[in-house]
Amino acid sequence: ITGGKALVIAVNKTDLLTKGEIKTLIRDQSAALGSKLPQLGECPVVMISAEKGANVSLLVDTVLTSHDTWRSRVSTTELMRWITDLKRIGKMSGQAHPNPKFARQVDTGPPTFVILCSRAKKSTASYMAFLTNSLRTTFNLHGVPVRVLLRDASAAARQSGTAEVKERRDFRGKYLAAPKTKREDGGQERASEGASFQSRAGPSVSRGRSLQREGVGGRGRGTASRRR
């Protein structure tokens, strides 16, 4: 139970009991389990006889059904309807208790629910037991542990908003940095290409450039002499 496992109880050697004794045993067992293991609700009890094979197939079917319940999932729509019904009958009203706003199931095996609410710090053990028993009864989760976690709605909204702003800033930063990196890489590539071309051209390019400068100087000197 501490590990969140479902529980099925099998009572053996019931072939030695009368029908009246079996009914009394079932009633006493149910009452004892309800007081000692309230976190499981109505835990299934199967009367068997290993020697005669009585109700062994029923035990197997009960175990499989309990496993399906342990792995069951409740939709968010059904959970919101459950919150609406509880508010309608006045079980969650008043300033003395938390006010649920939203609920969803976050895990299975065992079923785990997160409820966003205001005034979450005002939760008590009896209030949490009420929520757990209501979920178990409404969605038929008997025989399995049901975990309920309360979260402050305003704090969750602030965390969600901060995460969204941070994500946008990160995205914007990456978006601005990417083209700059690309341009720098392209410039380096072009510069390296020019350097490699110059190295391949060798002295001929430099000599052509020097001749070009001399031609420009010669034309300049010719123009000056004609002016004179």
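This report describes the sheet, helices, nonpolar cores and side-chain pairs of a predicted model.

## The sheet

Three strands make up an open sheet, arranged in the order E3-E4-E5, and the pairing among them is mixed. Strand E3 (99–107) and E5 stand at the edges with a single partner strand each, so one side of each is left without a neighbour in the sheet. Direction ignored, neighbouring strands of this sheet are turned by 25 degrees against each other on average.

Strands of a sheet pair through backbone hydrogen bonds, and the pairing can be either parallel or antiparallel.

Helix H4, in turn, lies across E3, E4 and E5, and runs at about 125 degrees to E5.

## Nonpolar cores

The largest nonpolar core has 21 residues, and among these Trp82, Leu131 and Leu135 touch the most other members. Helix H3 (76–88), strand E4 (112–118), H4 and strand E5 (147–152) each supply at least two residues of this core. There is also a second, separate core of 7 residues, which includes Val11, Leu33, Leu37 and Met47.

## An aromatic pair in helix H4

A search of the whole structure finds 1 aromatic pair. Its members are Tyr127 and Phe130, whose rings lie 6.4 Å apart, centre to centre, with 40 degrees between the planes, an arrangement that counts as tilted. Both residues belong to helix H4 (residues 125–138), and because they are 3 residues apart there, about one helical turn separates them. The two partners can also be described by their accessibility: Tyr127 is buried, with a relative accessible area of 5%, whereas Phe130 counts as partly exposed at 26%.

Side chains of opposite charge can pair when their charged atoms come close. The structure holds 1 salt bridge, in which the side chains of Arg88 and Asp85 meet at 2.7 Å, N to O. Arg88 and Asp85 both lie in helix H3, 3 residues apart, which corresponds to about one turn of the helix. With a relative accessible area of 61%, Arg88 is exposed, while Asp85, at 34% relative accessibility, counts as partly exposed.

Notes. Residues numbered from 1 in each chain as written. Predicted model: local features only at pLDDT ≥ 70, side-chain atom pairs only at ≥ 80, totals over all residues. Heavy atoms only, no water. Phe/Tyr/Trp six-rings, centres within 6.5 Å; stacked < 30°, edge-to-face > 60°. Helix = DSSP H or I, 4+ residues; strand = E, 2+ residues; numbered from the N terminus. Buried < 20%, exposed > 50% of the residue type's maximum accessible area, 1.4 Å probe, protein only. Core = buried A, V, L, I, M, F, W, Y, C linked by side-chain atoms within 4.5 Å. Pairing = 2+ DSSP bridges. Axes fitted to C-alpha atoms, helices over the stretch in contact; angles between N-to-C directions. Contact = heavy atoms within 4.5 Å. Salt bridge = Lys/Arg side-chain N within 4 Å of Asp/Glu carboxyl O.
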